[in-house]
Amino acid sequence: MDAAKIEQGVRLILEGIGEDPDREGLQKTPERVAKMYEEVFAGMTQDPSEHFETLFDEHHEEMVLVRDIPFYSMCEHHLVPFFGLAHVAYIPAANGRICGLSKLARLVDAYAKRPQVQERLTSQIADMLVEQLNPQGVIVVLEAEHMCMSMRGVKKPGAHTTTSAVRGAFERSQATRNEALSLIFAPRRTM
Ligand SMILES: Nc1nc2c(ncn2[C@@H]2O[C@H](COP(=O)(O)OP(=O)(O)OP(=O)(O)O)[C@@H](O)[C@H]2O)c(=O)[nH]1
Ligand SMILES: [Zn+2]
């Protein structure tokens, strides 16, 4: 990532809004923002497939679901955050392999930490799982609040957007899809 370029850009924005980028409180702001962007756009320099190098041989032809994975992403239209919960489920291939559970959350992050729209983020997660695990099915559901709809523009804080991507068995079988959805949307409780 080109930090110097980001710093120049932030300085220009500050000038553009009528600020003095050299006043004490703002002197280090371009540098801070560049550092922050390195973090929130870390997915730009990551290959999401790298999280699937270690897989485990395990016979489990039933659903595996990790729900309520918190994520933060950046709306590519306004460069403000959208954030919420991701729910990722798959059914391993017959005699196939399973991945570490944390890798599902790492996959969400790898794609979230880029300029995004929620629909693409959802399908990229599903498609990478299909590619890496060749599973019998995948379902990904994302629920998010978009700051560009809350703090500006239409100003509807609390409006939530739900997107889903279904592949394989979850696409073909309504019963399988309903089982996943009922687990994903079951009332949240502490364990
Ligand atoms: N489909 C989709 N739209 C998004 C997402 N994030 C933001 N948007 C929308 O992107 C649209 C951009 O619309 P434009 O009309 O080009 O921009 P704008 O004038 O700032 O629009 P307003 O937000 O309505 O003020 C807006 O309707 C946003 O709500 C997303 O993840 N998916
Ligand atoms: Zn936006």
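Read along the sequence, which pattern does the protein follow, and which residues surround ligand 1?

Reply: This is a predicted model, in which local features need pLDDT of at least 70 and side-chain atom pairs count only at pLDDT 80 or more, while totals for chains, interfaces and linings use all residues. Residues are numbered from 1 along each chain as its sequence is written, and chains are lettered from A and ligands numbered from 1 in the order in which they are written.

Read along the sequence, the protein follows the pattern α-α-β-β-β-β-α-β-α-β-α-β-α-α, which comprises seven helices and seven strands. Here helices (H or I, at least four residues) and strands (E, at least two) are DSSP runs, numbered from the N terminus. The C-alpha trace spans about 60 × 35 × 30 Å along its principal axes. UniProt, in an unreviewed entry, lists residues 6–184 as "domain: GTP cyclohydrolase I", and over that stretch the chain is 39% helix and 27% strand. UniProt positions are given in the numbering used here, with feature names shortened, and such annotations may be inferred rather than shown by experiment.

Now to the part you asked about. Ligand 1 is surrounded by Cys75, His77, Val117, Gln118, Glu119, His146, Cys148, Met149, Gly153 and Val154, where a residue counts as near if its C-beta atom, placed from the backbone, lies within 6 Å of the molecule. By class, five residues of this shell are nonpolar, four are polar and one is charged; Ala, Val, Leu, Ile, Met, Phe, Trp, Tyr, Cys and Pro count as nonpolar, Asp, Glu, Lys and Arg as charged, and the others, Gly among them, as polar. Helix H4 (118–133) and helix H5 (147–150) each supply at least two residues of the shell.

His78 is found in the loop between strand S2 (64–75) and strand S3 (81–91).

What does H4, one of the helices of the shell, pack against? The axes of helix H3 (residues 101–112) and H4 come within 10 Å and cross at roughly 135°, with axes being lines fitted to C-alpha atoms, for helices over the stretch in contact, and angles running from 0 to 180 degrees between N-to-C directions. H3 and H4 are therefore oblique to each other, since angles under 35 degrees count as roughly parallel, over 145 as roughly antiparallel, 65 to 115 as roughly perpendicular and the rest as oblique. Leu107, Val108, Tyr111 and Ala112 in H3 meet Leu121, Gln124, Ile125 and Met128 in H4, contact meaning that the C-beta atoms, placed from the backbone, lie within 7 Å. This contact has seven nonpolar residues, one polar and no charged.

How values were computed
Contact = placed C-beta atoms within 7 Å.
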